[in-house]
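Visitor: I have a chain open on my screen and would like to learn how to read it. Could you walk me through it, feature by feature?

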Amino acid sequence: MNAEIPIADSPVPAGTKRRQRPEKNVEITDPKAIRALAHAARLEVISELYSTQVSRTATELAAQTGLTPSAMSYHLRALQKWGIVVPAATAGDARERRWQAAGTDFTINSGGGVASPEFAVLDLELDAYRRRVKAYANTRDEQRRRGDPVDGASSVVLASNLLYLTTDQRAELNSRLF
């Protein structure tokens with residue numbers, strides 16, 4: 001049984017070029033490699049790198065996941081060990097280590113079974129979503145407590161795609177939705 005990590009087919013952030021690479025499916029079958037995925041930050045990194053096909057630094061990914069850059073470096077090296085991510089070419093500053101997806105698509109093939117790891121991966125994805133929603137709500141609550149203006153309606157959308165918007169685009173989308 002195959003369980004595919006959802007890969008977003010949405011635009012990448014403004015000013016970022018999507019690299020064109022030949023299609024390459026990275027398939028994980030080793031149970032130890034599947035166990036290496038049992039961390040929400042690692043799943044979030046895989047989703048980010050595979051969906052955008054853009055290289056990122058450990059610092060950039062750490063900010064996205066709420067980890068420290070050193071903890072993120074540890075997780076990236078663990079993912080590299082199993083061929084899920086690879087170091088990317090650096091542009092300019094050799095001190096800045098960039099990482100990229102090892103392919104264009106990512107599949108976990110556990111061979112099926114009742115206690116299939118795909119369900120564990122799904123649970124981790126849902127947990128990561130719950131944490132993002134909670135962090136969003138906490139931030140909005142803190143803004144309200146301080147008396148800061150809180151922009152937009154207070155709703156969260158569950159989606160399997162990524163959508164990168166400027167502040168103006170987000171405002172327009174919110175006004176059209178609400």
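Visitor: What should I know about the model and its numbering?

Guide: It is a predicted model, in which local features need pLDDT of at least 70 and side-chain atom pairs count only at pLDDT 80 or more, while totals for chains, interfaces and linings use all residues. Residues are numbered from 1 along each chain as its sequence is written, and side-chain values use heavy atoms, with hydrogens and water left out.

Visitor: Is Q53 buried or exposed?

Guide: Buried means under 20% relative accessible area, exposed over 50%, and partly exposed in between, with a 1.4 Å probe and protein chains only. Q53 has a relative accessible area of 6%, so Q53 is buried. Of the 178 residues of the protein chain, 31% count as buried.

Visitor: How many residues of helix 2 are buried?

Guide: The count is 13 of the 13 residues, so helix 2 is largely enclosed by the rest of the structure.

Visitor: How do I judge the length of a helix, and what span does helix 2 have?

Guide: The expected span is 1.5 Å times one less than the number of residues. Helix 2 covers residues 40-52 and reaches 18 Å from its first C-alpha to its last, close to the 18 Å expected.

Visitor: How are two packed helices described?

Guide: The description uses the angle between their axes and the distance between the axes. Axes are lines fitted to C-alpha atoms, for helices over the stretch in contact, and angles run from 0 to 180 degrees between N-to-C directions. Here the axes of helix 2 and helix 4 (residues 69-81) come within 10 Å and cross at roughly 70°. That makes helix 2 roughly perpendicular to helix 4; angles under 35 degrees count as roughly parallel, over 145 as roughly antiparallel, 65 to 115 as roughly perpendicular and the rest as oblique.

Visitor: Which residues make that contact?

Guide: Contact means heavy atoms within 4.5 Å. Helix 2 contributes A41, R42, V45 and I46, and helix 4 contributes M72, Y74, H75, L76, A78 and L79.

Visitor: At what angle does helix 3 cross helix 4?

Guide: The axes of helix 3 (residues 58-65) and helix 4 cross at roughly 105° and come within 8 Å. That makes helix 3 roughly perpendicular to helix 4. In this packing, A58, T59, L61, A62 and T65 of helix 3 meet P69, M72, S73 and L76 of helix 4.

Visitor: Now the strands, please. What order do they have in the open sheet?

Guide: Two strands pair if DSSP finds at least two bridges between them. The open sheet of three strands has the order 3-5-4, with antiparallel pairing. Strand 3 and strand 4 stand at the edges, each with a single partner strand, so one side of each is left without a neighbour in the sheet. Helix 2 packs on this sheet, touching strand 3, strand 4 and strand 5, and its direction makes about 75° with that of strand 5.

How values were computed. Helix = DSSP H or I, 4+ residues; strand = E, 2+ residues; numbered from the N terminus.
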